[in-house]
Amino acid sequence: MGRHPDQLVEPGCQSGGAVNITWNKRQLEIRGRFHEIATDLVAVGTDARDRDGSFDRGIWKELAATDFWQLQVPAEIGGAGQDSWDWLAAMEGLSLGARDLGFLMSVASQSGLIRLLVTAGTSEQQQTWLPGLTSGEIAATGSTEESGGSDVRGISTRAVPAADGGFILNGGKAHITNAPVADVVMVAVRTDTESGAFELSLFVTRTNVDGVEIGPGEDLLGLRTSPTGPITFRDVHVDADAVIGGVGEGLKRLYSTLAYDRILFGIIVGSSLEAQLEPLVRQLETRRAFGAPLSGHQYMQEKVVSLAMAVEGSRALAYRSFGQLDGWHDGYSLSASVTKLFASTGLVGSGLDLVQAFGHSGYESGSAVERNLRDSVAFKIAAGTDEMQKKNIFNHVRRAYRSGELARGSSGSGT
């Protein structure tokens with residue numbers, strides 16, 4: 001929701017994991033700029049792209065030319081970001097104006113690999129990959145497998161040492177965002193120890209190398225503007241420097257990347273729903289029933305209240321969670337799961353409310369309301385299902401109980 005600039009201070013992590021959840025003047029300008037860019041660039045033609053199930057690489061390149069991705073990369077390693085919140089402000093502005101949850105899902109997927117390279121990549125890896133990824137190349141993050149779903153420890157794709165010090169990758173990933181159009185892919189694979197203990201490593205490679213096969217795009221209910229499909233690796237050779245964060249160090253990095261995705265869902269949902277507030281209120285003010293505007297009926301007023309709560313709650317949780325992740329606070333995983341679960345629930349609930357408010361016109365195929373509802377369902381599955389978020393939240397709380405943290409008034413979430 002809108003706030004007066006005089007009331008705003010810079011977001012940042014404070015002691016105990018507390019976070020100021022407002023923007024400074026520079027970040028407000030960034031947010032406003034990308035709101036305009038999204039409105040003029042991404043929102044135009046989104047209905048046609050949804051109808052055709054198409055991804056516009058030209059729009060992607062135009063967005064990259066605005067320095068959008070450069071804001072995610074700190075200035076000291078060649079980017080334009082002055083602090084880690086700058087790009088989040090840009091993402092919020094983009095989400096507010098895009099009118100395209102599919103495109104935003106593809107953006108979130110790309111940003112996960114960029115953040116991984118910024119936080120865990122070597123200087124050489126950053127120099128190799130970041131220039132392309134920030135100037136128009138498209139990335140995919142390959143962790144999900146057909147049999148494993150949200151179960152990271154169920155990953156079966158493997159890497160074995162090669163004679164030259166590199167690795168040979170074999171296996172397949174399924175339902176991967178951006179896969180059909182990806183130039184670069186980060187893949188999570190097993191590099192188990194000689195004793196057979198589970199070990200995970202993260203590799204990055206181009207998709208045009210021998211042995212990488214990209215399957216056809218999937219025909220999905222929603223998010224039709226975000227290309228999704230399988231990637232197969234058949235005896236793919238990668239050099240030793242393709243490992244991000246070190247061999248066997250992938251589990252923590254992957255969990256961090258997944259948490260980051262979940263936090264971005266809060267940003268996307270908060271801003272996308274904020275953009276729905278004005279049309280919803282206008283509909284309730286202008287449509288009449290039983291001799292009065294719909295806005296005069298309490299049941300319909302409740303739909304505006306619920307949507308506004310989803311906006312503010314998703315956004316506030318995302319800010320807080322990002323502050324914890326940015327500061328590597330122990331509670332970031334719990335907060336990220338809460339953010340994602342709250343946001344996905346609010347998005348689907350608001351999607352149903354919008355259909356009720358707009359009636360038959362909101363149920364017509366191709367309408368913005370109908371598309372929003374179709375797109376919203378995916379948010380209950382992507383980046384870990386709602387059930388996985390509940391499991392993660394419960395496990396965090398149970399561990400806090402068993403360690404005595406609950407009795408001391410702390411659940412480990414930074415409260």
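To talk about how two helices pack, we draw an axis through each one, a line fitted to the C-alpha atoms over the stretch in contact, and take the angle between the N-to-C directions, anywhere from 0 to 180 degrees. Keep in mind as we go that this is a predicted model.

Now find helix α1, residues 25–42, and helix α3, residues 57–64: their axes come within 11 Å and cross at roughly 155 degrees. Angles over 145 degrees count as roughly antiparallel, so α1 and α3 are roughly antiparallel to each other. Their crossing is right-handed. Who does the touching? On the α1 side you'll find F34, I37, L41 and V42, and on the α3 side I59, E62 and L63. Sort the residues of this contact by type and you get 6 nonpolar, no polar and 1 charged.

In soluble globular proteins, nonpolar side chains tend to be buried together. Here the largest nonpolar core has 86 residues, and L63, F68, W87, V107, L113 and F379 are the ones that touch the most other members. Which helix gives the most to this core? That's α7, residues 250–286, with 15 residues.

Zoom in on F379 for a moment. Skipping its neighbours within four places in sequence, F379 is in contact with a list of residues that includes L101, M105, F265, K340 and D386. Apart from this core lies another one, of 18 residues, with A182, V187, I231 and F233 among them.

Next, some backbone angles. Most residues other than glycine have a negative phi. R99 isn't a glycine, yet its phi is positive, about 55 degrees. You'll spot R99 in the loop between α4 (85–97) and α5 (101–120). Is F290 buried or exposed? With a relative accessible area of 83%, F290 is exposed, whereas R99 is partly exposed at 41%. F290 also has a positive phi, near 55 degrees, without being a glycine, and sits in the loop between β11 (288–289) and β12 (292–293).

Last stop: A120, in helix α5. Its relative accessible area is 12%, and anything under 20% counts as buried, so A120 is buried. Leaving out residues up to four places away in sequence, A120 touches Q125, I244, G245 and R253. For a sense of scale, A120 and A80 are 40 residues apart in sequence, and their C-alpha atoms are 19 Å apart in space.

Terms used:
Residues are numbered from 1 along each chain as its sequence is written. This is a predicted model: local features need pLDDT of at least 70, side-chain atom pairs count only at pLDDT 80 or more; totals for chains, interfaces and linings use all residues. Side-chain values use heavy atoms; hydrogens and water are left out. Helices (H or I, at least four residues) and strands (E, at least two) are DSSP runs, numbered from the N terminus. Angles under 35 degrees count as roughly parallel, over 145 as roughly antiparallel, 65 to 115 as roughly perpendicular and the rest as oblique. A crossing is left-handed if the near helix is turned anticlockwise from the far one by less than a right angle, and right-handed if clockwise. Contact means heavy atoms within 4.5 Å. Ala, Val, Leu, Ile, Met, Phe, Trp, Tyr, Cys and Pro count as nonpolar, Asp, Glu, Lys and Arg as charged, and the others, Gly among them, as polar. A nonpolar core is a set of buried Ala, Val, Leu, Ile, Met, Phe, Trp, Tyr and Cys residues joined through side-chain atoms within 4.5 Å. Buried means under 20% relative accessible area, exposed over 50%, partly exposed in between (1.4 Å probe, protein chains only).
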